[in-house]
Structures are given as C-alpha cells and as structure tokens.
Amino acid sequence: MSTQKKISIDLTVYDSCEELCADYKILIDAAVAARKKAYAPYSNFLVGASVLLENGQIIEGNNQENASYPSGLCAERVAVFYAGAKFPNVKIKAIAVSATSLNNKLDTPAAPCGNCRQAISEYEFKQHAPIKVLLMGETGSVVECSSLADLLPLGFNGSYLK
Ligand code: THU
C-alpha cells in the first residue's frame, strides 16, 4: 500500500522592500549594501546576505569568487559562517538576501542555492528556532518565508547522526 503526501509552503510576497517592517527594511538594506561589495569578477552575479541575530546585531556577507571556481563561497554561507564564528551562542532570527547580475538586472528574487539552504538549516537545527528568509533581486518584490526548513523539505540534519 502507498500513501500520497503533499508538501506545500507558505510565502509572503511584498511588492517592494518599502512594505517591510522597519527591522526587516534595515536588514534588506544591509543585504543590498553587502551585495554592492561582492567579489564576483567571474560570474558578474552579485549577492549580498545579512543575518539578524537575536541580540540585534546584523552580520553581512557577500559572494567571494575565486579563479579556481569551487574555492569561492556564496554570500549566504559567508554571512552565516561569520555569524556562527563571531556569536556562536546567539540565535539567528532572519537572513535577507539581495542578488543581481551586472549583465541582467534582477527585479525578482533569486533563490538560495541548495548548499546554502543546507548550511542555513544547520543553524535552525542547532538553535531549535526558525530562521526567517527574505529574498530580493536588485529591485522589485520581496519574498518572505518564515522558516528555512520550508525551503528544504525532507532535509538532512544532525538527528540522523546520533
Ligand atoms: N551565489 C550566491 O552567493 N548565493 C547563492 O545562493 C547562489 C549563487 C553566487 C556564487 C557565485 O559567486 C555566483 O553567485 C554565481 O553562481
């Protein structure tokens, strides 16, 4: 016998970042500022990420590319790893991401890659509390997801390693 199951997720779509509450507007502004400092000479795809911690601190990161391509790292992981390194015991409330291409201005959000979803999910698992995700292109709408787990259904985590 087999059972069909359906997984669905709830997203909130804002027409623009101006509609976000003050805290998240500040957070997305930080992601935009970080994006402008990205080091992406090979792809010309610029990504900025900003992490809001429970203590109110904001940590920023951006993609760092490398002539040996796999040695580079995505913005989201630069940001969450830095947050984890600097504030190992402080929970992450939210992560905001802004992405665009120098070749093609993005006016819709880009989704975080699978590796970044896995990396962020580690912190959600560690802190037993959801991490809100806000996604934006260079301009335009913002997609909000209340938990990273929604973006990584059937994810792998440390519970399997006991
Ligand atoms: N990139 C990110 O920074 N985050 C993502 O989630 C997707 C891709 C970067 C990696 C690389 O520097 C460039 O975008 C093109 O893949």
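Is Leu52 buried or exposed?

Modeller: Keep in mind that this is a predicted model. Leu52 is buried, because its relative accessible area is 9% and the cut-off for buried is under 20%. You'll find Leu52 in strand E2.

So who sits around it? Skip the neighbours within four places in sequence, and Leu52 is in contact with Tyr24, Leu27, Gln57, Ile58, Lys91, Ile92, Lys93 and Ala94. Now try the next residue along, Leu53. With neighbours within four places left out again, Leu53 is in contact with Ile59, Ala83, Phe87, Val90, Lys91, Ile92 and Lys93. Lys91, Ile92 and Lys93 turn up in the list for Leu52 and in the list for Leu53. For a spot on the chain away from this one, take Gly155: it is 103 residues from Leu52 along the chain, and the two C-alpha atoms are separated by 23 Å.

In soluble globular proteins, nonpolar side chains tend to be buried together. Here the largest nonpolar core has 23 residues, and the members touching the most others are Val51, Leu53, Val80, Ile92, Ile95 and Val133. Strand E2 (45-53), helix H2 (75-86), strand E4 (92-101), helix H3 (114-127) and strand E5 (132-136) each give two or more residues to this core. There is also a second, separate core of 14 residues, and Cys17, Tyr24, Ile28 and Met136 are among them.

A search of the whole structure turns up 2 aromatic pairs. One is Tyr42 with Tyr69: the ring centres are 5.8 Å apart and the planes are at 40°, so this pair is tilted. Tyr42 is in the loop between helix H1 (22-35) and E2, while Tyr69 is in the loop between strand E3 (58-62) and H2, so the pair links distant parts of the chain, 27 residues apart. Tyr42 counts as partly exposed, at 41% relative accessibility, whereas Tyr69 is exposed, with a relative accessible area of 61%.

Phe156 and Tyr160 make a stacked pair, 5.2 Å centre to centre with 10° between the planes. Phe156 counts as partly exposed at 44% relative accessibility, and Tyr160 is exposed, with a relative accessible area of 55%.

Note on methods
Residues numbered from 1 in each chain as written. Predicted model: local features only at pLDDT ≥ 70, side-chain atom pairs only at ≥ 80, totals over all residues. Heavy atoms only, no water. Core = buried A, V, L, I, M, F, W, Y, C linked by side-chain atoms within 4.5 Å. Buried < 20%, exposed > 50% of the residue type's maximum accessible area, 1.4 Å probe, protein only. Helix = DSSP H or I, 4+ residues; strand = E, 2+ residues; numbered from the N terminus. Contact = heavy atoms within 4.5 Å. Phe/Tyr/Trp six-rings, centres within 6.5 Å; stacked < 30°, edge-to-face > 60°.
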